[in-house]
Amino acid sequence: MTGFDAKRYMGTWYELARIEHSFEKGLTQVSAQYSLNDDGTVAVVNRGYDASKKEWRQANGKAQFLGDPSIAALKVSFFGPFYGGYNVVGLDDQYQTSLVIGNSLDYFWLLSRSKIIPEQHFRRLLEKAQSLGVDLSQVQVVPQ
């Protein structure tokens, strides 16, 4: 995505849907907090509730743009030198909802500034993700 304004993207986002992977397995009430560092990288704090252990889990990471910061293509690391893709492929003009795909279509997140969005809007966003190649049969709703 081009024309990306990193400053507007910073702040709290809530995960409304995702393709589940081991690092988020079973987590609910997932949020991501983004803030710009002085060096142009992005501090990332992901947080979610693990109901089976009755505890909150948090992961701190760092993201950096792959090139021009006006292009929403980043790499993010939570585990030392290992990076994953973070590509914003859909973003409304008000920066209220975001579609993110990782290194491949096996990694997908639907994020929102609000914990709840109208069902019709949620479905439209999933349809857009599907048009980009996301397998909706793999996507699960994340309880907030």
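**Exercises on charged and buried side chains**

The side chains of Asp 50 and Arg 57 meet in a salt bridge, with 3.3 Å from N to O; a salt bridge is a side-chain nitrogen of Lys or Arg within 4 Å of a carboxyl oxygen of Asp or Glu. The model is predicted, so that local features need pLDDT of at least 70 and side-chain atom pairs count only at pLDDT 80 or more, while totals for chains, interfaces and linings use all residues. Residues are numbered from 1 along each chain as its sequence is written, and side-chain values use heavy atoms, with hydrogens and water left out.

**Exercise 1.** Classify Asp 50 and Arg 57 by relative accessible area.

*Solution.* Step 1: buried means under 20% relative accessible area, exposed over 50%, and partly exposed in between (1.4 Å probe, protein chains only). Step 2: Asp 50 has 6% and is therefore buried. Step 3: Arg 57 has 29% and therefore counts as partly exposed.

**Exercise 2.** Describe the salt bridge between Arg 18 and Glu 24 and the network to which these residues belong.

*Solution.* Step 1: the closest N and O atoms of Arg 18 and Glu 24 are 4.0 Å apart. Step 2: Arg 18 is buried because its relative accessibility is 0%, and Glu 24 is buried because its value is 7%. Step 3: for comparison, Arg 123 and Glu 119 both lie in helix H2, four residues apart, about one turn of the helix; helices (H or I) are DSSP runs of at least four residues and strands (E) of at least two, numbered from the N terminus. Step 4: through shared partners, salt bridges join Glu 15, Arg 18, Glu 20 and Glu 24 into one network.

**Exercise 3.** Which backbone oxygens does the side chain of Arg 113 reach?

*Solution.* Step 1: Arg 113 is located in the loop between strand E8 (108-112) and helix H2 (119-131). Step 2: Arg 113 is buried yet has no salt bridge, and Asp 92, the nearest side chain of opposite charge, is 7.6 Å away. Lys and Arg count as positive, Asp and Glu as negative; His and the chain ends are not counted. Step 3: the side chain of Arg 113 reaches the backbone oxygen of Tyr 9 at 3.2 Å and that of Thr 12 at 3.3 Å.

**Exercise 4.** Is Trp 13 buried or exposed?

*Solution.* Step 1: Trp 13 lies in strand E1. Step 2: Trp 13 counts as buried because its relative accessibility is 0%. Step 3: Trp 13 and Ala 32 are 19 residues apart in sequence and 5.2 Å apart in space, C-alpha to C-alpha.

Technical notes. A polar contact is a pair of N or O atoms within 3.5 Å; within protein, one must be able to donate a hydrogen and the other to accept it, and residues adjacent in sequence count only if both atoms are side-chain atoms.
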